[in-house]
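Got your viewer open and your selection tool ready? Let's take a short walk through this model, one click at a time.

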There are 2 protein chains.
Amino acid sequence: MIKKFSILAAGLLSVAAIGTAIAHEGQNPAVKARTSIMQLYAFNLGTLGGMAKGEIEYDAEAATRAANNLVVVTQIDQSAMWPAGTDNVSDSSTRALPAIWENFADVGAKGQALADAAVAMQAAAGQDVEALKAAMGQLGGACSACHKAYRAPQN
Amino acid sequence: MIKKFSILAAGLLSVAAIGTAIAHEGQNPAVKARTSIMQLYAFNLGTLGGMAKGEIEYDAEAATRAANNLVVVTQIDQSAMWPAGTDNVSDSSTRALPAIWENFADVGAKGQALADAAVAMQAAAGQDVEALKAAMGQLGGACSACHKAYRAPQN
């Protein structure tokens, strides 16, 4: 009996551990879409941040492509991606705080700050690694300003 | 004993069923990025397709926003998103067939056909629902041409 329950308990623990992954299947399409936008920021920022930290060798063309992609992604219209009822109180698959829906104007301003920072990075990324590093501050600042105000901490 | 094994079997079946979801945690960032692009196509095509089928009421502005988004997403440079070793033989979290890496020129041509179809939809979506419907064929054709040639069937 002890063995039986320990096996079952281990099974339940595994299921609990992958709870987040399960929640993302069947996720609200709007949440999935805006999460995809964040993933695309993360991917391209990973390239630029890696070069800034010296973890990836600086490559002007690759840096420019990543910066161009950031600019393009900021041009996606997200107005259909934040329907009511998709905050983290209503929907456990998102970290979007309810405050977003009470401060759309500020969220929009923070989004514009990100778009501006991406354009600044686009101008800098292909110059040299020092210019890229200098542009990272504005970009990182724009990301974290919005995350601090409107994203719940990771569980 | 029978009950014990049936419970365990049920547990294993559940774990198998959510195998795909598990695989997506810790997914290769390049795979995650290109999957995000596909999600953004799907979200905006969902709006346009819903209107074409009469499941969503036609709205010229919403249709135009969705079509604009498709055009924007086709402008993302995917050259860093298809590294060697991220086909479905090497990586179970993707349905990308190895044939992609043997036919980059054709994949690029099919991508261009999608970009052209998105531009045609951008011109049509805001006119009326009949124009939108007419443009869906080229768009759906571009999606399925690439999926038929280069994507493994869903498990």
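Start by selecting A:Tyr58 and showing whatever it touches: leaving out residues up to four places away in sequence, you'll find A:Met51, A:Ala63, A:Ala125, A:Gly126, A:Gln127, A:Asp128, A:Val129 and A:Leu132. Keep in mind that this is a predicted model.

Now zoom in on the tyrosine side chain. A polar atom of the A:Tyr58 side chain sits 2.6 Å from the backbone oxygen of A:Ala125. The backbone oxygen of A:Gly126 is also reached by the side chain of A:Tyr58, at 3.5 Å.

Step back to see where you are: A:Tyr58 is in the loop that runs between helix H3 (29-52) and H4 of chain A. A:Tyr58 has 26% relative accessibility, so it counts as partly exposed.

For the last stop, select A:Thr86. This one belongs to the loop between helix H4 (60-74) and helix H5 (99-102) of chain A. Is A:Thr86 buried or exposed? It counts as buried because its relative accessibility is 1%, and the cut-off for buried is under 20%.

Show its surroundings as well. Not counting residues up to four places away in sequence, A:Thr86 touches A:Asn28, A:Val31, A:Arg34, A:Asp91, A:Thr94, A:Ala96 and A:Trp101. Before you close the viewer, pick out the backbone oxygen of A:Pro83: the A:Thr86 side chain reaches it at 2.7 Å.

Key
Residues numbered from 1 in each chain as written. Chains lettered and ligands numbered in written order. Predicted model: local features only at pLDDT ≥ 70, side-chain atom pairs only at ≥ 80, totals over all residues. Heavy atoms only, no water. Helix = DSSP H or I, 4+ residues; strand = E, 2+ residues; numbered from the N terminus. Buried < 20%, exposed > 50% of the residue type's maximum accessible area, 1.4 Å probe, protein only. Polar contact = N/O pair within 3.5 Å; in protein donor to acceptor, adjacent residues only side chain to side chain. Contact = heavy atoms within 4.5 Å.
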